[in-house]
Amino acid sequence: TEIYTLSLHDALPICLAKTGNTKVSRLFCAATTNTLIMALTMGATLGLTMTTSYQANAAEQAISFNVTTPAIWRTVNDTVMGGISQSTVTADATTATFSGELSLERNGGFASIRTQMTQAVPSTHNLIRIAVKGDSRQYQLRIRTDEQWDSYAYSKPFNTENNQWVELEFKAEDFTPLYRGREVDAPALNFRQIKQIGFLLADKQPGKFALTFKDIEFIAVQE
């Protein structure tokens with residue numbers, strides 16, 4: 001394996017061609033026999049940072065958003081309406097874990113985390129892929145196209161297997177716009193417009209929970 005470090009002067013045209021981002025502070029290219037990985041170190045904005053993988057002669061290209069910095073995640077639990085559910089985010093080198101305890105007391109019953117997207121998803125990327133290890137509970141992947149904390153979200157429920165990794169892929173049309181649990185009239189989801197992304201638990205089952213997840217990927221599949 002050979003590793004190449006490009007100057008910003010040399011790398012910026014490549015970055016602009018692939019991402020359209022003009023705020024890149026530096027770019028590293030790692031070249032192997034089959035894969036070119038461009039790792040973008042973004043500016044000071046707190047949120048998901050992006051790694052783009054271009055697979056030679058493959059049917060897909062993937063953009064991977066790193067999830068392993070706990071500080072980028074914001075918890076929003078039912079305490080905002082008087083409940084007592086609790087949640088937090090921890091991380092290691094390759095995964096993050098959303099965990100806590102769900103309570104139905106005081107008309108509560110949800111716990112969630114979210115983070116900002118610091119980079120627009122290219123219009124060519126039409127799938128979102130997540131790898132999760134859960135506790136047999138049903139969670140929701142939640143996407144917002146604005147930066148507000150109390151607005152409708154596009155939701156996709158998914159089931160987990162106890163202590164088993166599961167890889168899931170969703171299209172934009174798999175998501176339903178919801179506001180406080182009820183479906184609302186909203187424009188069709190466009191991945192390029194994503195401003196926030198996260199997970200929510202609201203399965204009406206009180207008790208402790210834990211959802212571990214890896215980097216979130218957006219995939220451009222060539223049909």
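Leaving aside its neighbours within four places in sequence, which residues is arginine 137 in contact with?

## Arginine 137

In this predicted model, arginine 137 sits in the loop between β10 (127-133) and β11 (138-144). Leaving aside neighbours within four places in sequence, its contacts are Leu102, Phe158, Asn159, Thr160, Leu201, Asp203, Gln205, Pro206, Gly207, Lys208 and Phe209.

The relative accessible area of arginine 137 is 10%. Arginine 137 therefore counts as buried, the cut-off being under 20%.

## Asparagine 107

Asparagine 107 also lies in a loop, the one between β8 (96-102) and β9 (111-116). Is asparagine 107 buried or exposed? Its relative accessible area is 69%, so asparagine 107 is exposed; the cut-off for that class is over 50%.

Glycine 83 is 24 residues away from asparagine 107 in sequence. In space, the two are 6.2 Å apart, C-alpha to C-alpha.

## The largest pocket

The volume of the largest pocket is about 550 Å³. It is lined by 24 residues, and those closest to its centre are Phe110, Arg142, Arg180, Gly181 and Leu200.

Two or more lining residues come from each of β9, β11, β14 (176-179) and β16 (196-201). Which element gives the largest share of the lining? That element is β16, with five residues. By class, the lining of the largest pocket consists of 13 nonpolar, six polar and five charged residues.

Terms used:
Residues are numbered from 1 along each chain as its sequence is written. This is a predicted model: local features need pLDDT of at least 70, side-chain atom pairs count only at pLDDT 80 or more; totals for chains, interfaces and linings use all residues. Side-chain values use heavy atoms; hydrogens and water are left out. Helices (H or I, at least four residues) and strands (E, at least two) are DSSP runs, numbered from the N terminus. Buried means under 20% relative accessible area, exposed over 50%, partly exposed in between (1.4 Å probe, protein chains only). Contact means heavy atoms within 4.5 Å. On a 1 Å grid over the protein atoms alone, a cavity is a set of points where a 1.4 Å probe fits but cannot get out, and a pocket is an open set with protein on both sides within 12 Å along at least five of seven lines; lining residues have an atom within 4 Å of a point. Grid points are joined across faces, edges and corners, and a volume is the space filled by probe spheres set on the points. Ala, Val, Leu, Ile, Met, Phe, Trp, Tyr, Cys and Pro count as nonpolar, Asp, Glu, Lys and Arg as charged, and the others, Gly among them, as polar.
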